[in-house]
Amino acid sequence: MDKIKLKEIKCISYERAEIKKGYTDKSLRVNLDSNEITISPIEERIKNKFIGGKGYDLWLMWNAVKASTRWNDPENTICISSGPLGGTPGYPGGGKSIVTSISPLTGAPIDSNVGGYFGPYKKFSGFDVIQVDGKAKKDAIIFIDGIENKIKILEASDLPTDSYELSDVLTRHFDEDKPVNVSVVTAGPGAVHTNFGCLNFSWWDAGRKRVRYKQAGRGGIGTVFADKKVKAIVARFGAISMKSNNPADLDALKLVTKAHSKEIRELDPKQNRMSLVGTTHLVPIMNDHDCLPVHNFKFGSHPESRVIGEEVYEHIFDKGFDGCWKGCTVACSHGVKDFSPFTGPYKGKKVFVDGPEYETVAGCGSSLGIFDAHTIIEINFYCDAYGMDTISVGTSLAFVMECFENKLITLDHTGGMDLSFGNRFNALEIIHQMAGGEGFGAIVGKGIRQMKQIFAKDFGADAAFMQDIGMESKGLEFSEYMTKESLAQQGGYGLALKGPQHDEAWLIFLDMVHNFMPTFEDKAEALHWFPMFRTWFGLCGLCKLPWNDIIPEDNKNTSEPAKVAKHLGWYADLFSAVTGRKSSPEDLISMSEAVYNFQRIFNLKMGFGTREHDTLPYRAVGPVTVEEYESRQERYDEQLKEKYSLDIGDMDSKEKVAVLRQKREEQYELLKDAVYERRGWNNNGIPTIETVKRLGIDFPEVLEVLKKNGVE
Amino acid sequence: MIEVDEKQMPWSKDMTMASLLATLENVEFCSVVRLNGRLVSSPKFAETIIPDNSKIQLLPMVSGG
């Protein structure tokens, strides 16, 4: 396209803060109502307690929003942070950004962890965190220029609407000679018209000479971004080295970086081969263990799943370096070159598709009954280009398809489209409609929670059945694991602060396959430790994959293999080397525990965060229908007889479904009790005064929220 | 002979993945293997016959997500 024109609305020059031990100790606030640009210091006490990343985001948000704030109020805030360890070149997964806002889907704080170079470029430009609030009158671009030391608000017009083209155009515009210096955050039309808009975070792929991107997918932060009329946030910075973070101990940093990087380079080819197939190896594995969502999580496997797993994608992915961070040896961000969509605005053109990953394959493939690798790639491409979360899109569409097959909705409601499982053309058509806010797609784009209300109220659909099969909790659509046979993973989803996303606790194998946690106490301990440690990655600007997706060869000989002790030690060394704050693996857990509990209380502040909000649709717990029960009858019969000592001789399948449901729902409530106790929460799921004092988050405003909820 | 995690081991006729794992130590976390490049999961270990000269990698699935 021709040179673009941007009108400067505001520009400030600033003195770039020197990075000290991974921190700039500065935050940047851009208010789009007033076009004010404010640079503020970050207090030492906040730094010590909230560490960085998601911790900083949540603290700034807490102070920006009221209990009555809704996602589309001007005071709702989008925060993007990296963290003290973010931006370490060569450290595997060392370039993450963490994005937060009040979610259009849940009404509570949502967080999303994303690759690309934006977080480090922003930090090295002088800011640990950027906070964007207010609403622009016209489409705006926020430009953080860490080379010229300027912050600009620019008015944008006549720019491409989709992320695919927009990311490319803006990257070339802001540094035509060195596009590697630019990282762009964009949304797209799907973010305007749905509640699950995502953000695309870019980086320049020097080998392919093109822009690539990763997604901050969960919870509709892209929708907030679009509502604020932010067209893009751009960061520009120059060369980065191991010294850029000005680490406390450069030699120690080099040592731990080299060790972790080398191990991954040597062991990944022998283990999951993520540098070749990304996370698509999980497709056949989940399928074989009956954990792959099929037909809206009704079933856990399908004979055709082999054609959408690693064996196919390994041959489709373009060969080359696919790290979403500089020098990352996991390098799992694969893509498809010269893909030619058969629908939509890019029909017949050749495009590069970033993905798909496991979640997209499962959510937009098997869960929809679509066992076609190319259709999944096309759905992936359009979701990214339109700025929509592939997980929420897939899980929402799966719900719609099951409603359609059960005649809860009909051709009259869908605009004449047959939305039976497997109908790939109409699935794509719905996605195009969602992005345009048109037709039945406009309803689907509201997400499952609102769809359930609309289908019941306007179409007379069975509300109780939809409650059972609508795979959402707290308003967020489920990510893509079938949890019926893993009570711990049910807790991993149901007790997750932001809703059912697996980044807090992925316990399905440890629990279901390895039987590593047979008692409630074991499960509760796991549902304490794993969410805490996983939270730590989001505080520091790191990716979790290098921790336990590629593991040391002698790990199996350690006392707790699931924790990967050698890597815990490396992460403690990394934190110590960069920040100078000498830390042990136990210290990392303590850091997370404070922020984790603070987020739980933030949920409480916003009207959530209690026991009633930790509920699950029964589909996540057990078989809703006779069809599901009978598909695994031997398993369920045995459980009723052996585990619950029931005489089922005279029961028909419908009665068995009912009695199994009663038992499983009781188990889930008992799990809640055990987890709340382990986390230091009361029986209603609220942190106690003792807990917040122990963690040092007993700020007056925190105690006030607790008091309002009967905890004092 | 077969190769298991780069170590040579004797092969026997009718050897299955389950029978092989039963002879190895510290394989509690091994629910997936790569048999001659192809993933095989634990529900299929008993029915998976290991051919002579196979190359096997044990994948400790503590991870995911």
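This report walks through the salt bridges and cysteines of a predicted model.

## Ground rules

Local features need pLDDT of at least 70 here and side-chain atom pairs pLDDT 80 or more, while totals for chains, interfaces and linings use all residues. Residues are numbered from 1 along each chain as its sequence is written, chains are lettered from A and ligands numbered from 1 in written order, and side-chain values use heavy atoms, leaving out hydrogens and water.

## Salt bridges between the chains

The whole structure holds 57 salt bridges over all chains, each being a side-chain nitrogen of Lys or Arg within 4 Å of a carboxyl oxygen of Asp or Glu. B:Glu6 pairs with A:Lys270 at 3.2 Å, N to O. B:Glu6 sits in the loop between β1 (2-4) and β2 (7-9) of chain B, and A:Lys270 in the loop between α7 (250-267) and α8 (274-277) of chain A, so this pair joins two chains. (Helices are DSSP runs of H or I, at least four residues; strands are runs of E, at least two; both are numbered from the N terminus.)

A:Glu311 and B:Arg38 also form a salt bridge, with the closest N and O atoms 3.0 Å apart. Helix α10 (residues 310-316) of chain A carries A:Glu311 and strand β4 (residues 38-41) of chain B carries B:Arg38, so this pair joins two chains as well.

For A:Cys403, the nearest cysteine sulfur, in A:Cys364, is 17 Å away. The sulfur of A:Cys543 is 6.2 Å from the closest one, in A:Cys332, so that's too far for a bond.

Methods
A disulfide is a pair of cysteine sulfur atoms within 2.5 Å.
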